[in-house]
Amino acid sequence: MSTTDLQVHNPVEDLLRQDRIPTIWCPGCGIGTTVNSFAHALLKQDIDLNKTAIVSGIGCSGRVSGYMNLDSFHTTHGRAIPFATGLKLANPELNVIVYSGDGDLAAIGGNHLIHAARRNIDILVVCINNMIYAMTGGQAAATTPSGSLSTTSPYGSYEPELNLVQLVDAAGASFVARWTAYHVMQLERTLEKALKKKGFRFIEVLSPCPTYYQRKNNMGDALQAMLDYKKRSKIKHGCPTWETAIVPGGDIIVGEFVDREREDYLTRMRKQLGPHYSEFPPQWDEQESMGCSKEC
Amino acid sequence: MPKGAVAITAERCKGCGFCVEFCPTHVLELSNAFNAKGYHPPHVVAPEKCSGCNLCGMYCPDFAIFGFRLQENGQAKGVSK
């Protein structure tokens, strides 16, 4: 039976800008897979897509904001979270989602990540961790496991890597999880849960980078990386985040690690400033009705 | 009568093989044919085994394939245009 006779249509395509596809991502890049999970999670939610904004920085994962058919914001390098914070504070009704990479969020914008988690701004951050600066040519990033080869570490990286999950948990985020591009269904469920929650929510998604990380380190192609994730990952919900470091060749601990209730930034601000404070400036017609414009 | 079917947009495929590897009932295989960009897109080798679980669609990084369930009368369920 030919599928063209059935006149079917992929539900994910409603959320994609058809004129931008095919994507620029390499064959086997895991970012597209995570976009599938994200689109399915959004479709299953009752949230208003007209009040959903996606913000991303620079990098391979930064292209997601251009491919999603939502209000989107492609910002400067490392500054996706500050732009998203501004967006949320200026219009608290919006659901703001930051979708960016590890080099963008954790290295260049590392301080923004820490302080957004400390303030508990009501945004969802999806961090695609491919363990390298992929778009700029495969330089060693803050998340590159020590000993890995890259363009800027031809004898192996000497630096210990950053455990993003532990960092964000220590800074005070209200929801922290980690999955890999292999765990599509689990990622979809976690994204659904995180979309409903309030406060700073952080989801790290490990993704294969066949062109720079896997090729340089003789780890095979993207399919090999996915099978490696399948073999090495251990699901441990609620695991203390200091036990979740990614060791080359060791276990990858995945799951939902932190789910705590903490007042978010806007709630704290409203509580402290009291009922007389309004986040919105008085509108023009209100000023006119007070008689201001006639006398001035 | 299969429970589901897959729809493939061969021109978007980059031949990564995720759908072939992760299909739980082994419905797909990479074909010998090329698409316009020179990749080998997958093709259906065992249509009667397809359960319409859409795991191929969830894994596809290029939105080139998706699975859907079929009703008793052979019509697609929930994904019609």
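## A buried serine in chain B

At 12% relative accessibility, B:S31 counts as buried. Buried means under 20% relative accessible area, exposed over 50%, and partly exposed in between (1.4 Å probe, protein chains only). This is a predicted model: local features need pLDDT of at least 70, side-chain atom pairs count only at pLDDT 80 or more, and totals for chains, interfaces and linings use all residues. Residues are numbered from 1 along each chain as its sequence is written, chains are lettered from A and ligands numbered from 1 in the order in which they are written, and side-chain values use heavy atoms, with hydrogens and water left out.

B:S31 sits in the loop between β2 (28-30) and β3 (42-44) of chain B. Helices (H or I, at least four residues) and strands (E, at least two) are DSSP runs, numbered from the N terminus. Leaving aside residues up to four places away in sequence, B:S31 touches B:H40, B:P41, B:P42 and B:H43. Contact means heavy atoms within 4.5 Å. A polar atom of the B:S31 side chain lies 2.8 Å from the backbone oxygen of B:P41.

## Where the chains meet

In the interface, 30 residues of chain B are in contact with 36 residues of chain A. The two chains bury about 2800 Å² between them, 67% of it on carbon and sulfur atoms. Buried area is the accessible area (1.4 Å probe) that two parts lose on being put together, summed over both. In chain B, B:R12, B:M58 and B:F63 lose the most area to chain A, together 27% of what that side buries.

The rule finds one salt bridge across this interface. B:R12 forms a salt bridge with A:E13, with the closest N and O atoms 3.2 Å apart. A salt bridge is a side-chain nitrogen of Lys or Arg within 4 Å of a carboxyl oxygen of Asp or Glu. On the side of chain B that touches chain A, β1 (4-8), α1 (18-22), α2 (55-59) and β4 (65-69) each supply at least two residues. α2(B) gives the most, with four residues.

## Salt bridges within each chain

Over all chains, the structure holds 16 salt bridges. In one of them, the side chains of A:E256 and A:K193 meet at 2.7 Å, N to O. A:E256 lies in strand β8 and A:K193 in helix α8 (residues 184-196) of chain A, so the pair ties together parts that are 63 residues apart in sequence. A:E256 is buried at 18% relative accessibility, while A:K193 is partly exposed at 36%. A network of salt bridges links A:K193, A:K197, A:E256, A:D259 and A:E261.

Chain B has a pair too: the side chains of B:D62 and B:K14 meet in a salt bridge (3.0 Å, N to O). B:D62 lies in the loop between α2 and β4 and B:K14 in the loop between β1 and α1 of chain B, so this pair ties together parts that are 48 residues apart in sequence. B:D62 and B:K14 are both buried.

## One face of a helix

Helix α4 (residues 80-90) of chain A has these buried residues: A:A80, A:I81, A:A84, A:T85 and A:K88. Seen down the axis of α4(A), they fall within an arc of 130°, so they line one face of the helix. The arc is that of the directions from the helix axis to the C-beta atoms. An α-helix has 3.6 residues a turn, so residues three or four places apart point the same way.

Notes: Polar contact = N/O pair within 3.5 Å; in protein donor to acceptor, adjacent residues only side chain to side chain.
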